[in-house]
Amino acid sequence: MEKQRNIIFFLYPGFETLDMAGPTSVFHAANGRTKAAFYQHHYVSLSGGEIVSNAGLPVSTQKASLDQVGPNDTLIVPGADRWAMKEGLANDQIIQSIRDLADKVGRVSSVCSGSFFLAASGLLDGKRATTHWEATSELEKQYPNILVEPDALYTVDGRLWTSAGVSTGIDMALAMVKVDLGLDVMRKAAQRLVVHSKRAGSQSQFSDLLIAQTSGDGQFSDLIVWMSDNMSARITVVELANRCGMSERNFHRKFTQTVGDTPAKFLDDLRMQRAKELLDAGHLIKAVSHDVGFRSESGFRNAFEAQFGLSPSVYSSLNSIS
């Protein structure tokens with residue numbers, strides 16, 4: 001096992017609680033799956049002392065010091081609400097302190113709008129980065145040298161990691177665990193937290209399911225949830241229409257108009273996205289085939305390859321080494 005890593009959270013008044021707590025829980029869960037605690041958590045701030053989060057949670061911090069950090073460590077800067085971000089970014093000493101710490105650590109990262117601190121320090125110039133979907137346009141506007149990826153859950157560009165809105169800090173932290181300790185520890189940590197073991201960084205901040213549920217007036221929201229919950233069953237358009245109390249023809253027209261896909265196409269896509277999630281989590285192809293409603297494994301393999309351009313077995317093998 002490699003030398004222990006220090007995880008250093010740089011905090012400032014009003015920081016987003018989950019931006020700190022999510023990754024902290026991931027690294028703590030990973031520690032529980034190793035013989036010795038691999039990660040050590042440290043909370044620092046410009047002047048030290050108690051720093052209060054946006055939710056009123058007080059966190060005891062040490063004064064940021066370059067003596068505390070080294071090339072094996074990870075710096076994480078959380079995001080915050082607009083007013084707290086404005087106050088923090090206006091403090092040149094905070095920006096300089098982050099820059100100084102970043103120069104000494106091996107890995108630098110941000111959660112949510114924490115990317116603005118990395119951007120203000122010049123660390124993201126010419127790099128790929130993301131942030132909360134509400135702020136991607138602003139990040140791009142203020143810092144045109146950054147290659148902003150608005151749909152990404154998280155990005156990795158060399159030693160620089162950035163993640164999108166709040167909970168994606170968990171995805172990013174899990175990806176770090178995989179790099180540091182391997183796939184097995186990452187999966188066990190994810191299982192402990194009851195979260196997906198891997199949502200690829202390139203996955204959109206918005207799931208197809210969420211987009212569909214909120215499309216139009218939300219008329220088909222409950223139906224879409226039911227479809228997602230009953231994917232292993234044989235679902236017909238007639239059954240879906242009956243559940244909505246509509247004729248098949250009227251349902252097909254209305255659903256397509258509202259959601260943007262025919263019911264059959266939407267269900268097929270939903271099955272394939274679920275299949276990817278299950279394969280990401282390490283499920284066997286035969287079990288995945290059944291769980292997403294295919295009668296035969298060969299039919300599932302053909303459908304998966306037609307959708308994604310590679311077989312489920314190749315996808316799983318690439319996933320295990322990525």
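**Group meeting: a walk through the predicted model**

Okay, of the 322 residues in this protein, 47% count as buried, where buried means under 20% relative accessible area, exposed means over 50%, and partly exposed is in between, with a 1.4 Å probe and protein chains only. Quick housekeeping: this is a predicted model, so local features need pLDDT of at least 70 and side-chain atom pairs count only at pLDDT 80 or more, while totals for chains, interfaces and linings use all residues. Residues are numbered from 1 along each chain as its sequence is written, and side-chain values use heavy atoms, with hydrogens and water left out.

The protein has 15 helices and ten strands; these are DSSP runs numbered from the N terminus, with helices being H or I of at least four residues and strands being E of at least two. Among contacts between residues at least 6 apart in sequence, 64% join residues at least 24 apart, contact meaning heavy atoms within 4.5 Å.

Let's start with helix 1, residues 17-31. Its 15 residues reach 21 Å from first C-alpha to last, close to the 21 Å expected at 1.5 Å a residue; that expected span is 1.5 Å times one less than the number of residues. Eleven of the 15 are buried, so to speak mostly covered, and among them are M20, V26 and F27. What does the covering? The cover includes strands 1, 2, 4 and 5, plus helix 6 and helix 7.

Now over to strand 10, residues 160-163, where S163 sits. S163 is buried at 0% relative accessible area. Leaving aside neighbours within four places in sequence, S163 is in contact with residues including S110, C112, T130, Y154 and M172.

That brings up C112, in the loop between strand 6 (107-110) and helix 4 (115-120). Most residues other than glycine have a negative phi. C112 is not a glycine, yet has a positive phi of about 55 degrees. C112 is buried too, at 8%, whereas C244 is partly exposed at 28%.

Next, M231, in the loop between helix 9 (221-229) and helix 10 (237-243). Buried or exposed? M231 counts as buried, at 2% relative accessibility. M231 and G293 are 62 residues apart in sequence, but 5.6 Å apart C-alpha to C-alpha. Not counting residues up to four places away in sequence, M231 touches L270, R271, R274, D291, V292 and G293.

Last stop, a helix pair. The axes of helix 12 (residues 263-280) and helix 14 (residues 297-308) come within 11 Å and cross at roughly 100 degrees; axes here are lines fitted to C-alpha atoms, for helices over the stretch in contact, with angles from 0 to 180 degrees between N-to-C directions. The two helices are therefore roughly perpendicular, since 65 to 115 degrees gets that label, under 35 is roughly parallel, over 145 roughly antiparallel and the rest oblique. On the helix 12 side, residues including M272, A275 and L279 meet a set in helix 14 that includes F300, F304 and F308.
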